[in-house]
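Trainee: Could we go through this model together? I would like to begin with the ligand and then turn to the fold.

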Amino acid sequence: MPLHRAIYVSDAVGDAATSLLVLAEILGASIRNNRRDRVTGVLMRHDGRFLQAIEGRRADVDRLMDRLRADPRHENIRLLSDQNTTVRLFEEWPMTLVEMPRPVWPHISRPSLDQLSAAQAEALLVTASQVLALPA
Ligand SMILES: Cc1cc2nc3c(=O)[nH]c(=O)nc-3n(C[C@H](O)[C@H](O)[C@H](O)COP(=O)(O)O)c2cc1C
């Protein structure tokens with residue numbers, strides 16, 4: 001099946017930058033909708049920014065991007081990557097929260113999140129998601 005993956009950075013608005021409740025609400029809706037649409041991906045919140053990868057059929061990814069653009073909990077969506085692919089990088093998760101890996105922290109501040117290349121953003125999200133896949 002042809003697939004599509006988009007990766008973007010956005011600026012959290014108000015409470016969305018720090019609130020756990022907002023994050024839980026976003027994840028709840030994401031898991032529900034993405035299961036339905038067979039969309040998978042990961043979401044990172046760091047220093048007032050969101051970094052998210054979403055993958056699925058082109059039409060489903062586009063529809064989700066439209067909903068994301070209309071969501072007041074973030075703004076200034078910058079697409080880092082928007083491409084066809086044959087493999088899912090995050091196939092285990094309809095949507096899951098990942099953390100910025102600790103060793104990367106000193107190197108990633110607000111401005112540098114914006115300067116990530118598509119390949120760097122993808123590598124960062126894959127690395128962060130691998131922590132979730134480790135056995136306990
Ligand atoms: C940073 C961020 C990431 C989001 N990720 C998703 C997502 O992966 N899937 C999704 O359906 N909604 C996501 N949302 C929520 C959508 O913008 C929108 O509120 C939701 O899809 C509407 O779903 P509903 O009509 O079922 O309430 C996200 C919102 C934000 C702010």
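Trainee: How far does a polar side-chain atom of Arg32 lie from an oxygen atom of the ligand?

Mentor: This is a predicted model. In it, the distance from a polar side-chain atom of Arg32 to a ligand oxygen atom is 3.2 Å.

Trainee: And which nitrogen atom distances are there for Asn34 and Gln52?

Mentor: For Asn34, a polar side-chain atom lies 2.9 Å from a nitrogen atom of the ligand. For Gln52, the corresponding value to a ligand nitrogen atom is 3.0 Å.

Trainee: What share of the ligand does the protein bury?

Mentor: The protein buries 81% of the 620 Å² that the ligand exposes when taken alone.

Trainee: How many residues surround the ligand, and which are the closest?

Mentor: There are 17, and the closest are Ser30, Asn33, Asn34, Arg67 and Asp71. By class, the shell holds eight nonpolar, five polar and four charged residues.

Trainee: Turning to the fold, how do the elements run from the N terminus on?

Mentor: The order is β-α-β-β-α-β-β-α-α, with four helices and five strands in the protein chain.

Trainee: Why is the chain described as being as compact as a globular protein of that length?

Mentor: Its radius of gyration is 14 Å, close to the 14 Å that the globule rule gives for 136 residues, so the description applies.

Conventions:
Residues numbered from 1 in each chain as written. Predicted model: local features only at pLDDT ≥ 70, side-chain atom pairs only at ≥ 80, totals over all residues. Heavy atoms only, no water. Near = heavy atom within 4 Å. Polar contact = N/O pair within 3.5 Å; in protein donor to acceptor, adjacent residues only side chain to side chain. Areas by Shrake-Rupley, 256 points an atom, 1.4 Å probe, with all protein chains shown as cover. Nonpolar A, V, L, I, M, F, W, Y, C, P; charged D, E, K, R; others polar. Helix = DSSP H or I, 4+ residues; strand = E, 2+ residues; numbered from the N terminus. Rg over C-alpha atoms; globule rule 2.2 N^0.38 Å.
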